[in-house]
Amino acid sequence: MPADSGEPIIVLDQVTKSFGGFQALKGVSLNVVRGHKVVVCGPSGSGKSTMIRCINRLEEHNGGRIVVDGIELTASIKNIDAVRREVGMVFQQFNLFPHLTAVENLMLAPRLVRKISKKEARALAMQYLERVHIPEQADKYPAQLSGGQQQRVAIARSLCMKPQIMLFDEPTSALDPEMIKEVLDVMGELAQEGMTMIVVTHEMGFARSVADLVVFMDKGEIVEQAPPAEFFARPRSDRTRAFLGQILKH
Amino acid sequence: MSFELALVWESLPKIVEGMGLTIELLVLSLVVGTALAVGLVLMRISGIAVLEWTAFVYTYIFRGTPMLVQLFIIYHGLAQFEAIRDSFLWVFLREPFWCAILAFSLNVAAYTAEILRGGIQGVDRGLHEAGRALGLKTHQRFLYITAPIAIRLSLPAYGNEIISLLKGTALVSLITMYDITGVARTIVAKTFAPYEIFVSAAIVYLCLTWLIQRGIGLAERRFGRYVRR
Amino acid sequence: MGVVVEWLDAFLWGALVVLRVFFVALIFTVVWGLIGASAKLSDSAIARGIANAYTTVLRGTPELLVLLIVYFGSAVTLTGIAKLVDPSVKFVHIPPFWAGSLAISFIVGAYATETFRGAFLGVDRGQVEAARALGLTPAQTFFYVRLPQMWRLALPAFGNHMNSLIKDTALLSVIGVEEIVYVADRATTMTNKPFTMYLVVAIIYLGFVSVIIKTVAVLEVYANRHLDRAR
């Protein structure tokens, strides 16, 4: 799939979301082209996580439209299921199932949702564990793995459902510094294979080298979006400059 | 099949008469049992192996058997021994009331000892060390630091234990006594209206339970006044 | 002790009855516990209210009274219904075994609802989100993700519930179930050795409770195996 065919696979149109009295998203619009990698950054509480959690309906948006691969997200359970089959998600806290081994974590959804046999599921799971470079940890429980290994298992678990789109919600924020690289490397490989990705992260090195588009959010709005070269060299908004100044200092 | 409210109104006063005995059993067993429990706990933490072991076995046996069986062993069982029938104790032990008090007290002691032990274990070790650093002696540390905190930590479970005991007192209706349940059973035997009468009795118990919970709530506030912000 | 030997068979059969009641009641207890816990965690105020009332009432009513209400109450109701169909009917009741098993499952189930509720709350929210993101249905999420994790948390308290269940079986002689207290009662009238006979009952219960305690300890090790850091 050519990276700049221009065909949007995700469309957010004036999406709003509030929790009680707090407005987390104030009319967010974003088009993601098939095969593109979008990095979303911004201060905490800016609505980044809420936005991507709306895309697979972990949160329900209150207003506007969300269309994923031609399917509009409505209250229809059928649509939600269809979208969730297309969209994989990786969480900050990994959320591996602690009572299942690494390979069992990968096998669960293919068996239950796609109804494939145990044997096929195991073969599939091993294939993806190899892709994230930890087939030898297959029979360990999450508690026996390092944070970096756990997050790679979590990525593999999502890939097993063969999604078209992968969402990453601060995938390296809960990791010790020495483990961040192994996770980013896996994500970089995935990017090269043409996966559509939305990544909420503060890893600006990753954004520079991998992203097609960098989005900066603040206070529930998209303040600025641009290709990385432009975004880092000539940020237009003061808020973006302030934010970049803060995190690039380190 | 129908539920006759009139029957409830008629029988409630009689059932409430049985409440006196229920409360007597509850309060007496609780006082004796709690005193025994304090002794048991002191044995458990004494550091003397024989005492610790004895207290452990006692607790294990009384928590591991039904209270009904404990009551029957004392009420029906002790009469098997001539020595007991001939002793001065027989004055008490032939009375179902004192048998019940004895059985319930021994039972409550075992459970309460475990609750208190849990409370003592819940006291932060650092406080102990602080007490030692200040030069307090062992018994002073226990009386002024460990005990007050342990009591606060034990209160919720102790409240549940009181409610358990209240419910357990209903067993005396099986050894010819007329507590709330005993009275209710005699009325049912006459009217054969089990729903109305037993539900009335249950309501009386629920009121008592509610009172106990209120009391424990107040005590928790009293002992925990330094915890609240 | 010679007298005990003669009654050993009867005690053995009685112990078997205790076990049967225990296992039947155990299953019902888990069912009431899970239904009650789900109700307490549901969005419906009515479901929460019913579940809370269930716990409050059963926790405050003596076990003996619950047993009497379930057995005699159901008998009056069933007899009433039967008389509508056939006026010549005298007495219809649930067999004491079933009435007794149900009654003690109601009692302990009330405590189990609280235990299970706490255990479900103890399972991290992210687990449910991850399952949903992978496309699992709510039912699949319940059975494959939440249930296997909550039972580990519920186990210690549930061990106590099992001990309550086995000890509550001692009440069933009151409605004529031929368990070990019933056997001891009969043996006493024949031999006039009440202490000996009830002591046997106590020893049998102590044995059952010890087995439960041991089993729960083994299960806890098994349930927590995935938490051991094997490095």
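**Aromatic pairs**

This is a predicted model, in which local features need pLDDT of at least 70, side-chain atom pairs count only at pLDDT 80 or more, and totals for chains, interfaces and linings use all residues. Residues are numbered from 1 along each chain as its sequence is written, chains are lettered from A and ligands numbered from 1 in the order in which they are written, and side-chain values use heavy atoms, with hydrogens and water left out.

**Exercise 1.** Work out whether A:Phe243 is buried or exposed, and how its ring pairs with that of A:Phe216.

*Solution.* A:Phe243 has a relative accessible area of 6% and is therefore buried (under 20%; exposed is over 50% and partly exposed in between, with a 1.4 Å probe and protein chains only). A:Phe216, at 1%, is buried too. A search of the whole structure gives 17 aromatic pairs over all chains (rings of Phe, Tyr and Trp, the last by its six-membered ring, with centres within 6.5 Å; planes under 30 degrees apart are stacked, over 60 edge-to-face, the rest tilted). The ring centres of A:Phe216 and A:Phe243 are 5.1 Å apart with planes at 40°, so this pair is tilted.

**Exercise 2.** Describe how C:Phe28 and C:Trp32 are arranged.

*Solution.* Their rings are stacked, with 5.7 Å from centre to centre and 15° between the planes. As for accessibility, C:Phe28 is partly exposed at 25%, and C:Trp32 is likewise partly exposed at 22%.

**Exercise 3.** Which residues do ring pairs link into a cluster in chain B?

*Solution.* The cluster consists of B:Phe92, B:Phe97 and B:Trp98.
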